[in-house]
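Hi,

Here is the structure I promised to pass on. Have a look at it first, and then read my notes below.

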Amino acid sequence: MGRADSLAKLAFAYGVHLTRRRLARPRPQVRALLETNAADGIRALTADERARHPRLTTCINCGLCALAAGRVGKTRLPDLASSYMRLYARLGEVSGDVEGEGPDLVAAAAVCPVGVPLAEVAEVVRRISRS
Amino acid sequence: MSVGSPYDVVVIGGGITGAGVARDLSLRGLSVLLLEKGDYGAGTTGASSWMIHGGPRYLEFDWDTTRLSCQDAGHIVSIARNLVYRVVFVIPVLAHDKNNIERMETAMEVYDRFQPLKKSHPHRRLTAQEALQVEPGLAPDLVGAVTMEEWGVDPHRLVFANIQDAVAHGASAFNHTRVTELIRDAGKVIGVRYQGPDGATAEARAKVVVNASGPWSPEVAAMAGARVELRPAKGIHIVYPHRISNFSISAESVDGRDLLMVSHAGFTLLGTTDDDFYGDLDSVDVVEDEVEYLLQAFERVFPAIRDYRPARTTTGVRPTLFKWRRYEDELSRRYAVLDHAGEGADGLISIVGGKLSMYRLMAEETSDAVCQKLGHRAPCETARRPLPGNESEVTPPGELAARCGIPALAAMKLQSRQGSNAEKVLDEGATSRILCRCEPVTEAELVYAARHEQVRSLADAFRRVGVAAGPCAGAACILRSAEVIGRELGWSAEQRFDAARDFVRRSWLGRAPVLGRSGWAQEELAQGALRGLMVADGTR
């Protein structure tokens with residue numbers, strides 16, 4: 001009985017929906033979606049960053065890059081890839097951690113055993129934390 | 001064997017339901033003892049999708065479950081603000097999906113009626129181009145998409161916050177304490193015998209015993225000759241140690257089920273399966289076929305999924321109510337409060353079925369049944385009283401970080417676990433050292449957890465504060481964590497080493513099914529860091 005009742009109500013809602021779609025003109029929704037969720041710190045990667053993203057997230061926190069270079073702002077280099085890059089929502093709240101001087105990230109990336117492109121990671125983290 | 005003073009109620013099971021019952025009853029002024037055989041939330045609760053959701057899926061079967069679920073989710077969101085965060089889904093629709101875009105939007109329009117109950121926004125409909133703009137990782141051949149909002153939650157902290165509040169109101173709660181026997185007298189259950197972590201046995205008398213042991217409920221009820229009938233269902237998740245998509249995403253499986261890729265704060269859960277389970281509840285393994293089933297579904301909508309390295313898998317067994325013939329996915333997520341008085345076990349009440357999103361309501365109804373049995377009149381207060389850490393606004397993370405000398409990210413993560421108690425936690429350890437850098441977790445928080453949160457092992461620490469939950473899976477922090485906990489609990493050097501090795505071995509069981517080629521290479525590197533732990537007796 002519960003299922004039959006549920007399906008009947010859904011069927012009615014479907015009819016109402018189709019009628020409404022015929023009568024109303026669809027409007028763009030992206031801006032409204034992003035604005036609605038901006039307060040929750042949900043930031044988006046761009047298409048280019050998305051394509052590179054699997055490479056940006058391979059850090060295993062072995063710490064070798066920290067021996068080759070120091071910190072990005074106040075943040076230890078391995079942490080940039082292993083903890084800040086994990087969380088690209090709400091990074092705006094911690095932007096102070098990654099601002100400031102940057103070390104030689106090319107040299108640091110050269111010693112990474114899993115090939116994390118650290119310069120790109122720093123760029124993405126900083127862009128998201130500022131946006 | 002020791003016998004303490006009698007309690008009004010003994011609660012068996014320290015998952016979310018048992019913790020909720022203990023909190024509810026202690027807020028009503030009853031004396032409560034809660035016993036958990038493992039760690040709090042280590043069973044079904046911790047293996048969930050980490051969501052307080054309203055269950056749009058149930059609209060097809062039972063709108064009342066959706067309404068109740070949304071209503072209770074709204075209460076949980078209010079009382080546990082520091083533990084919850086919005087999870088926004090983009091639900092892509094492909095050309096041959098079982099539901100076309102109009103049917104999918106209809107379902108969301110109906111669901112929108114319930115969304116205000118849990119303080120969520122209504123859905124949006126996106127064209128294919130719009131969907132790819134907000135989520136560039138989606139398959140380019142999608143027809144369109146709709147969005148849907150749910151809430152994410154750390155279930156381990158939610159359980160513990162309930163335990164903390166119960167204890168603050170007079171309850172006693174012990175983890176790693178197994179009930180070995182229900183004490184009966186002339187057809188009445190009058191207490192329990194139990195064994196603590198040190199092997200010592202004890203007895204606790206109570207007027208009512210609540211069986212809130214989830215999938216273990218039939219086993220506990222059988223101790224009193226009573227019967228609980230479940231249809232246990234196994235579910236697995238793949239855990240990625242990163243947020244890998246802008247939004248959470250749903251996908252249709254090869255057999256037409258709805259699967260979810262949920263973007264949580266810093267990690268992603270991909271799941272879940274739903275299969276009848278007949279095995280040993282204390283030894284539930286993930287098999288590679290289950291992993292492949294999930295990846296196959298998500299590859300259709302998020303093609304890059306196989307390029308990401310998973311960190312581990314989780315698995316648990318749902319205590320679903322018994323129903324013959326139904327396909328697993330169609331089984332109701334409703335719950336039942338069973339009074340076993342008619343089976344010669346007066347004084348024993350079982351709470352079975354249900355889901356995380358309705359835990360508070362389940363606890364309320366169970367507590368109502370207990371109070372009725374005891375003739376105790378007191379209203380339920382759990383819907384309006386905030387859980388510990390939510391009594392006041394939190395300090396902005398940057399401010400807390402500057403005051404305590406830790407990175408803002410560490411402060412933010414700490415607040416997501418401890419809420420307004422974060423500063424008190426940092427004061428405990430008198431050190432600002434970051435112990436687990438991936439999460440990140442401070443040494444002070446681990447010290448606090450060992451002193452005040454019943455952390456008795458590294459696995460307990462993983463659940464309570466997130467140690468070793470990140471991409472390195474403990475390679476960089478597990479020995480340091482063993483040192484800190486060992487110092488607090490008085491472990492010898494050998495015990496500290498053994499604890500770290502035991503943690504690595506156990507976590508390996510969840511990692512092995514998901515290691516791809518690059519995963520194995522990275523595992524080898526991690527093994528280098530853990531060499532002393534992993535090869536001590538020639539086993540992994």
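A residue is called buried if 20 or more other C-beta atoms lie within 10 Å of its own, exposed if 12 or fewer do, and partly exposed in between, with C-beta atoms placed from the backbone. By that count, 40% of the 131 residues of chain A are buried.

Before going on, keep in mind that this is a predicted model, where local features need pLDDT of at least 70, side-chain atom pairs count only at pLDDT 80 or more, and totals for chains, interfaces and linings use all residues. Residues are numbered from 1 along each chain as its sequence is written, while chains are lettered from A and ligands numbered from 1 in the order in which they are written.

Chain A first. It has seven helices and two strands, in the order α-α-α-α-β-β-α-α-α along the sequence. (Helices are DSSP runs of H or I with at least four residues, strands are runs of E with at least two, and both are numbered from the N terminus.) The C-alpha atoms of chain A fill a box of roughly 65 × 30 × 25 Å along the principal axes. Its radius of gyration is 22 Å, whereas a compact globule of 131 residues would come out near 14 Å; the radius is taken over C-alpha atoms, and the globule rule is 2.2 Å times the number of residues to the power 0.38.

Next, how the two chains meet. 52 residues of chain A are in contact with 55 residues of chain B, contact being C-beta atoms, placed from the backbone, within 7 Å. On the chain A side, helix 1 (2-23), helix 2 (30-38), helix 3 (47-56) and helix 5 (77-84) each give two or more residues. Helix 1 of chain A supplies the largest share, eleven residues. By class, that side of chain A has 26 nonpolar, 15 polar and eleven charged residues. (Nonpolar covers Ala, Val, Leu, Ile, Met, Phe, Trp, Tyr, Cys and Pro; charged covers Asp, Glu, Lys and Arg; the others, Gly among them, are polar.)

Helix 3 of chain A also packs with a partner in its own chain. Glu49(A), Arg52(A) and Leu56(A) in helix 3 meet Glu120(A), Val121(A) and Val124(A) in helix 7. This contact has three nonpolar, no polar and three charged residues.

Asn61(A) has a positive phi of about 55° although it is not a glycine, and it is buried, with 26 other C-beta atoms within 10 Å.

In chain B, His176(B) also has a positive phi without being a glycine, near 50°. His176(B) lies in the loop between strand 8 (172-174) and strand 9 (178-185) of chain B and is buried, with 20 other C-beta atoms within 10 Å.

The one joining Gly271(B) and Thr272(B) is cis, with omega about -5°, and Thr272(B) is in the loop between strand 15 (268-271) and strand 16 (275-276). The bond from Glu439(B) to Pro440(B) is cis too, with omega near -15°; Pro440(B) is in the loop between strand 20 (434-436) and strand 21 (441-442).

Lastly, Ser248(B) is in strand 13 (residues 248-252) of chain B and counts as buried because it has 27 C-beta neighbours inside 10 Å. Val90(B) is 158 residues away from Ser248(B) in sequence, yet their C-alpha atoms are 6.1 Å apart.

Cheers

Technical notes. Two residues are in contact if their C-beta atoms, placed from the backbone, lie within 7 Å.
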